[in-house]
Amino acid sequence: MKIQQYIMQHKNQLTFITGIFIIFAGIAQFVFMERLFYQSFLIIASIIGVLPIFLQAYQALKVRVLSIDLLVTIAVFGAFLIGEYNESAIVTFLFLFGSFLERKTLEKTRTAIQSLTKMAPKSALKILDDGTSETVEIEAIAKDDRLLVKTGGQVPVDGVIDEGEGYLDEASVTGESKQRKKGKGDDVFAGTFLDNGTLKIKTKKVGEDTTFGKIIELVEEAQDSKSSAERFIDKFAKYYTPLVLILSLIVGILTQDVRLAITILVLGCPGALVIGVPVSNVAGIGSGAKDGILIKGGEVIDSFSKVDTFVFDKTGTLTLGKPSVAAIKSYTEDLSDSLKVVASVERESDHPLGQAILDYAKMSSYLPVTQTNVVKGQGIKAILDDKKVLVGNKSLMNANNIKLTKKIKDDTHQLQISGHSLVMVAIDGQLSLLIGIKDQIRPGVKETLSHLKEMGIKELIMLTGDNQETAESTAEELGITKVYGNLMPENKADYIRKLQNEGHQTAFVGDGVNDSPSLTLSDIGIAMGGGTEVAIETSDVVLMKSNFEKLAEAYRLTKKTLRNMQENILIALTTILLLLLGLVFGYIYMASGMFIHELSILIVIFNGMRLLLSYKKKRKT
């Protein structure tokens, strides 16, 4: 057992030694004309080289698997027995060297998960009861602990800023390199970096429960999962290997040509076919992970690439999910004074529309409010700075005999039909402001939907719980042709079933708990990374930090990955066919065929790695 372990642990060194003895053999033959040394060196090279191959074949046989290693082992022993030491030595070296290069290049395709793992925080500065701080292992951090993060430091946990402010680089979580300014009350994520400032944060999640930990877990699971193409190749190899063995035996019996039978064993190895699909799958998932797109496995790549219909939730998906001031009409000479008045009144309210106005106004100081009276269902009546102020809807204005001119009525109508919620402001009996508030469209949504259409998506559909009029206004702005409002979660799920029964391959994009049934039911569920944990867990693809523009990139990536898999399968099958034809017509022999065979393995690996290279090129531009 120890000898077996030693051989497998030193496989790379054995490959190198095998190559050295082949070189010695060449020198002995062509420089010193020493036939005896030539054959001796080749025999030593064959024995050393076949050991790890034989052990791999033996381990596979123990679990009743006829592996490629078995084909090579039989071929090498056969060549050795008939005295073709040059063939046996070269075949073992090429097979081992190809395996070495295969491992090295596959490691490169997994750089995404390796780099993510290395970036995971290892320690933290914990703030003690006396106000000092000490460095502790990340495992020693618990929920509600207070931590210190200095300029240039890494945020070790998911938490909320308790004190301080600074600019954070969240590329490890979002895939975006731009900095984000954050202050007290803002959330921070493990694995991100503080470029300047000093923060004291309160711990919410640690370790594997953090957003960064979940990313690593999702990518690991995805890269270990298999697509339908991979499962097909696995089954193919399972039956193909014994078929080659039987074919070789039949050819040997019928032709009495042992060399030909052995050569069939070597050239029939489906190495490129077996490795080609997994390397494309892993490279595609790794490329997406580095760009803030988490694809949960090879099966998702296959299904996503075939999607023809995208279905969207509205609030929090196509829109930001937060009402904000989108339009403002002023009927006085001084807009800033009117804004200060309404902002001062809205400070006294906790209504979401009032908060939207405060966020828009961003006043450094406010006027003192001496009296407020909330009129249920209408708004607020207030007195400040000797002014009588009304802030509310049309009913409040009518009840207080505020005159609405034709222009005001026209403006009101235009804002209403475009989906705005209206806030009217009257000061001392005259309407001064008309404020339109709506849930704003996410940046890049319109362009992304246009790109999806260009890539062949047939239907873009919106399903929402909002009223039909508001939904249609948003859909018209975005170029969505089908929209259904006033829907409950079960209604959305029923509509997904309807689309599937009609033969559509559907992708549902959402962010909330209410979207979970549709995310699970659709062929591909796509969650916005800023959404709920339930939505993220039940989805197949996650767009980190809710970057909607990544949606088109994710769809394009799955198509490129699937095309890359198909290219690799074509390369592998073409190589096997050409090798066998070359063998039949006498143009290819064992060593040259083995060289071509190993070369085909490297070609499919490098072809798969193009997915990572194209990612790097895109990031540079």
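A: Let's start with a word we'll need. Buried means under 20% relative accessible area. By that cut-off, Phe 310 and Phe 312 are both buried. One caution: this is a predicted model.

Q: Got it. What do the rings of Phe 310 and Phe 312 form?
A: They form a stacked aromatic pair. The centres are 6.0 Å apart, with 15° between the planes.

Q: Why give two values for a ring pair?
A: Because a pair of aromatic rings is described by both the distance of the centres and the angle of the planes.

Q: Is the pair of Phe 310 and Tyr 555 stacked or edge-to-face?
A: Edge-to-face. The planes stand at 85°, and planes over 60 degrees apart count as edge-to-face. The ring centres are 5.8 Å apart.

Q: Where do Phe 310 and Tyr 555 sit in the chain?
A: Phe 310 is in strand β9, residues 309–313, and Tyr 555 is in helix α23. Those parts are 245 residues apart in sequence, so the pair ties them together. Both residues are buried.

Q: Which residues do ring pairs link into a cluster?
A: Phe 304, Phe 310, Phe 312, Phe 548 and Tyr 555.

Q: And how many aromatic pairs are there in the whole structure?
A: The search finds 11.

Q: Let's talk about the core. Which residues touch the most other members of the largest nonpolar core?
A: Phe 304, Phe 310, Phe 312, Leu 449, Leu 452, Ile 526 and Leu 551. That core has 38 residues. Helix α23, residues 550–584, gives the largest share of this core, with 7 residues.

Q: What does Leu 452 touch?
A: Setting aside neighbours within four places in sequence, Leu 452 contacts Phe 310, Phe 312, Ile 457, Leu 460, Leu 551, Ala 552 and Tyr 555.

Q: What about another core?
A: A core of 18 residues lies apart from the largest one. Its members include Val 325, Val 345, Ala 382 and Val 425.

Q: Zoom out for me. How many helices and strands are in the protein?
A: There are 24 helices and 20 strands. The protein has 621 residues, and 48% of them are buried.

Q: What share of contacts join residues at least 24 apart?
A: 66%, counting contacts between residues at least 6 apart in sequence.

Q: New topic: helix packing. How do α2 and α3 cross?
A: Helix α2 is residues 11–30 and helix α3 is residues 35–62. Their axes come within 8 Å and cross at roughly 160°. Angles over 145 degrees count as roughly antiparallel, so that is what α2 and α3 are. The crossing is left-handed.

Q: Which residues make the contact?
A: On α2, they include Leu 14, Ile 17, Phe 21 and Ala 25. On α3, they include Tyr 38, Phe 41, Ala 45 and Ile 48.

Q: At what angle do α1 and α3 pack?
A: About 115°, with the axes 9 Å apart. Helix α1 is residues 2–9. Its crossing with α3 is left-handed. Gln 4, Ile 7 and Met 8 of α1 meet residues of α3 that include Leu 51, Pro 52 and Leu 55.

Q: Now the loops. What is the phi of Asp 144?
A: It is positive, about 75°, although Asp 144 is not a glycine. Most residues other than glycine have a negative phi. Asp 144 lies in the loop between β2 and β3.

Q: Is Asp 145 buried or exposed?
A: Buried. Its relative accessible area is 16%, which is under the 20% cut-off. Asp 145 is in the loop between β2 (133–137) and β3 (146–149). By contrast, Asp 144 is partly exposed, at 45%.

Q: What does Asp 145 touch?
A: Leaving out residues up to four places away in sequence, Asp 145 touches Lys 126, Ala 140, Ile 201, Lys 202 and Thr 203.

Q: Where is Asn 401 found?
A: In the loop between α16 (394–399) and α17 (406–417). Asn 401 has a positive phi of about 55°. It counts as exposed, at 69% relative accessibility.

Q: Last one. How far apart are Leu 294 and Asp 540?
A: They are 246 residues apart in sequence, but 8.3 Å apart in space, C-alpha to C-alpha. Leu 294 sits in strand β8, residues 293–295. Leu 294 is buried, at 2% relative accessible area.

Methods. Residues numbered from 1 in each chain as written. Predicted model: local features only at pLDDT ≥ 70, side-chain atom pairs only at ≥ 80, totals over all residues. Heavy atoms only, no water. Helix = DSSP H or I, 4+ residues; strand = E, 2+ residues; numbered from the N terminus. Buried < 20%, exposed > 50% of the residue type's maximum accessible area, 1.4 Å probe, protein only. Contact = heavy atoms within 4.5 Å. Core = buried A, V, L, I, M, F, W, Y, C linked by side-chain atoms within 4.5 Å. Phe/Tyr/Trp six-rings, centres within 6.5 Å; stacked < 30°, edge-to-face > 60°. Axes fitted to C-alpha atoms, helices over the stretch in contact; angles between N-to-C directions. Parallel < 35°, antiparallel > 145°, perpendicular 65-115°, else oblique. Left-handed = near helix turned anticlockwise from the far one by under 90°.
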